[in-house]
Amino acid sequence: MTIRMLSQLNTLAVILTLVIHQVLVEGQCVAKGTTPDIRELVLGRCVDYQTNINPGAFCVNGVSNHRHCTALADKFISAFAFQPVCNVSYSRYDDFIKAAEIDVPPGQSMFWSGVYGVVQMYSNRGQRATVLEDTLIGYMVDGLQFCAQTDSPGITYGADCPGFDQTANCTNNAEFSFWAMASKHYASHASGEAHVMLNASRDQPFRDSSFFATWEVPNMDASQLSKVNILMVHIPGQKIRGPQTMVCVDYPGERECDMDRTTSASSHLVSVGVHIAVLNAALKSISL
């Protein structure tokens, strides 16, 4: 990855050059329901995170503050096991989140919407920035499927069950409730300069219905933030549309900006006194 920073007329342009390999796997078997051996997986990820991914987060003033991974895995599983499939209370994840939380340095927090794969490459597991999935809370659970049932064994395996993006008829399923609380907690602890990566190829990259707008923006503490930098990323092969929308946040009087282009999420940040700096980015693919 090559990053080139250019400054022109007080507008920072960030050009990201990435080599993207797309691998299509045919006939891949994906288990229905909860990811098999989920407890062992989250336990192993907990050990890996503290040993290899971010060991420095658990050494404070020369004193080790490692977390008990068996206990964390049990807290996570017990939060949704034996609960109604569509009514897992948000608060059931409180114990796990409190036990697994780590400090994110000021100026390091990064949020995203519609650019999962790109932002993971950009953050580089917390080396360049820290997204929720780079924290212990997010790392342990990222990409896993899990759903509850009241009957034994308390978790649905081998059968269809509602996931994170299936809330129309199952509002508070296990995955949705977890990520809602994890996102809320992460946003409330952001400090210094925060960073946001959005998809510039969308008509409205700052959507009111997005997880970022619903669970993260309202829970940011303006008293802890000095500025929010918004990085607009263009996906190869798609039309660039988003930057005009975001520029309207700082320049609403321009004729190109009308009310239907603005969102309450962006208005919230402005209303609480957080300065928004729009960073225009182009993501280019390279053929080898």
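Student: The expected span of a helix is 1.5 Å times one less than its number of residues. What does helix H2 reach from its first C-alpha to its last?

Tutor: Helix H2 (residues 69-80) reaches 18 Å over twelve residues, close to the 16 Å expected at 1.5 Å a residue. Helices here are DSSP runs of H or I with at least four residues, strands are runs of E with at least two, and both are numbered from the N terminus.

Student: Where do the coordinates come from?

Tutor: This is a predicted model, where local features need pLDDT of at least 70, side-chain atom pairs need 80 or more, and totals for chains, interfaces and linings use all residues. Residues are numbered from 1 along each chain as its sequence is written, and side-chain values use heavy atoms, without hydrogens or water.

Student: OK. Which residues of H2 are buried?

Tutor: Cys-69, Leu-72, Ala-73, Phe-76, Ile-77, Ala-79 and Phe-80. Buried means under 20% relative accessible area, exposed over 50%, and partly exposed in between, with a 1.4 Å probe and protein chains only.

Student: Why are they on the same side of H2?

Tutor: Because they cover an arc of only 155 degrees around the axis, taken from the directions from the helix axis to the C-beta atoms.

Student: And what do they pack against?

Tutor: Helix H1 (38-53), helix H3 (94-100), helix H5 (136-141) and H6. Contact means heavy atoms within 4.5 Å.

Student: Switching to Asp-37. Where does it lie?

Tutor: In the loop between strand E2 (11-18) and H1. Asp-37 also has a positive phi, about 55 degrees, although it is not a glycine.

Student: Is Asp-37 buried or exposed?

Tutor: Exposed, with a relative accessible area of 53%.

Student: What about the peptide bond from Ser-152 to Pro-153?

Tutor: That bond is cis, with omega near 10 degrees. Pro-153 is in the loop between H5 and H6.

Student: Last topic, the largest pocket. How many residues line it?

Tutor: There are 23 lining residues, and Trp-112, Tyr-116, Glu-133, Phe-164 and Trp-179 lie nearest the centre. A pocket is an open set of points on a 1 Å grid over the protein atoms alone, where a 1.4 Å probe fits, with protein on both sides within 12 Å along at least five of seven lines; lining residues have an atom within 4 Å of a point.

Student: Which elements give two or more residues to that lining?

Tutor: Strand E5 (110-113), helix H6 (174-188) and helix H7 (211-216).
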